There are 2 protein chains.
Amino acid sequence: MAAPRGDGLKYERVLNALRSRIADGTYPPGMMLPSQSQLVAEFDVSRPTVIEALRLLRQEGLIESQTGRGSFVRGKVPALNLERAYPGQRLLDLAESESSAELLQAGIIVAPVRVTTLLELPAGSKAFLRQYVLSDEDGPIELVSAWFPIDLVTGTKLTSPEPMDEGIRRHLYGRKRLRLDYAMERTLARSATAEEAHALKMPAGAPVLNLVVTGHDADGKALQLVDAVLPGDRHELRDAYPLT
Amino acid sequence: MAAPRGDGLKYERVLNALRSRIADGTYPPGMMLPSQSQLVAEFDVSRPTVIEALRLLRQEGLIESQTGRGSFVRGKVPALNLERAYPGQRLLDLAESESSAELLQAGIIVAPVRVTTLLELPAGSKAFLRQYVLSDEDGPIELVSAWFPIDLVTGTKLTSPEPMDEGIRRHLYGRKRLRLDYAMERTLARSATAEEAHALKMPAGAPVLNLVVTGHDADGKALQLVDAVLPGDRHELRDAYPLT
DNA sequence: TCGCCCAACCTGTCATGTCAAGTTGGATTG
DNA sequence: CAATCCAACTTGACATGACAGGTTGGGCGA
């Protein structure tokens, strides 16, 4: 069921109302929430609907519940601005036509050792490369190389020199019923190669962030590799998480 | 309702059976689970009971479900290669005496702009710095600078030139009842400064990964900043996560 | 005044049933 | 061969109802 955002679903309406009351101090820490029966009456919904809203509040750490006793607001409200970063997923999902991508090349060439290793291809073998530059108003900001085993791209639009109008991941699913399950990222700092420096209009040897991401299916097989080169002076990766 | 352990509740019986089948390979990664209707028939329970068991499997990351499509076993879970990285937490928790740390300096000095900005101190003000180098058998691998507002370290062992025998976070809680709630990380690539190059025994200007981490309390206040400089040719940050 | 009992409340679990919306694959048509 | 349609499947959401077990506080008796 495709739900509208926010309050589309009844349990979300209850959830958001309770969240707001906790956040604004209407329900201060330690206070018992209205009982499930009271919430049923107040929101004119069924008890399982209220139970689902309360379960999500517990999951968010905002309240705690105890059979026979009630639900209570917890002492500390987690910082709402915590957001983990998924730069690899962003690369795997990039839709070229929705970005500033300028395609540099698309074709089958002998892949570097790192690519064949990570894609579990024989050393020295060829792979399919789709390479482009992303830019902003100040110039090139990212050089992206997407690598695939050759058999994976036959019958897809990836072989075309036209910009992709949808994300690669979505395209691979639509044409080949291939599903990526997880991503593995590797981040390192090194000097730009001459070719990279040229493509990114930066001094040769300048430091770059290099993100190498592999997209894997549920069996662990690497289906796709994306290599992003980011000028060091124009990029900073951000991440945030609760401490345990 | 106080439930017996394990299989006392009906949804737990379903949950544990499905967990076992996933763990022993009966349901390998990528395989679609029996539908909810099929599980209802197999376990002779109601559909909401099956739904609860599946919800818990999703919460554990073992399966993924999609309306209209089915529930599927996820790739290699739990696996070491599917583990999110917390390099900032590692830095905030570093116990010097349990690592290869060689303390370079500990004292109050005028802090760089970036430090005062992130610690919300007046520009040009002093802060407490504790700086050391980590090494392996091949030489220095990491230069770590831990910065604190001065009032935060008074009355702690941080002011001592002796190695800390416990993590800084634990120490701050023990002495000052200060609790770090979350971390924010910033990762960038740049060239090593002359000082850093010297401390890390690397060529001046060589590329480095620079991790800047702030530890915040529950109110969002930055209590501590750790700046780690990692030679680019000796470090690669790893991360992995399910794709959504 | 204290201890016990019990009613009244609470949350958790489970069932049956219905409706909504998404996905898939086969059939059909152009 | 590609596009469209639709039946049959799937999961998600919501309702009503019932029962189990925990907690609490008031009333009563010793």
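How many bridges pair strand S5 (residues 139-148) of chain A with strand S8 (residues 222-231) of chain A, and in which sense? Select both: they pair over five bridges, in the antiparallel sense. Two strands count as paired if DSSP finds at least two bridges between them, and strands themselves are DSSP runs (E, at least two residues; helices are H or I, at least four), numbered from the N terminus. For one bridge, click Val144(A), whose partner in S8(A) is Ala228(A).

Before moving on, a word about the model. It is predicted, so local features need pLDDT of at least 70 and side-chain atom pairs count only at pLDDT 80 or more, while totals for chains, interfaces and linings use all residues. Residues are numbered from 1 along each chain as its sequence is written, chains are lettered from A and ligands numbered from 1 in the order in which they are written, and side-chain values use heavy atoms, with hydrogens and water left out.

Now show the whole sheet. It is open, has seven strands and runs S3(A)-S4(A)-S5(A)-S8(A)-S7(A)-S6(A)-S9(B), with antiparallel pairing. At the edges stand S3 (102-110) of chain A and S9 (237-242) of chain B; each has a single partner strand, so one side of each lacks a neighbour in the sheet. On average, neighbouring strands here are turned by 20° against each other, direction ignored (axes are lines fitted to C-alpha atoms, for helices over the stretch in contact, and angles run from 0 to 180 degrees between N-to-C directions).

Next, pick S6(A), residues 182-191.

Then go to Glu196(A) in helix H8 (residues 194-199) of chain A. Is Glu196(A) buried or exposed? Buried, because its relative accessibility is 12%. Leaving out residues up to four places away in sequence, Glu196(A) touches Leu143(A), Arg190(A), Ser191(A) and Val229(A), contact being heavy atoms within 4.5 Å.

Last stop: S4(B), residues 126-136. Eight of its eleven residues are buried, so the rest of the structure largely encloses it. Eight bridges tie S4(B) to S3(B), with Gly107(B) partnering Leu129(B). S4(B) also forms a hairpin with S5(B), with two residues between them; there, Leu134(B) stands opposite Glu142(B).

Terms used:
Buried < 20%, exposed > 50% of the residue type's maximum accessible area, 1.4 Å probe, protein only.
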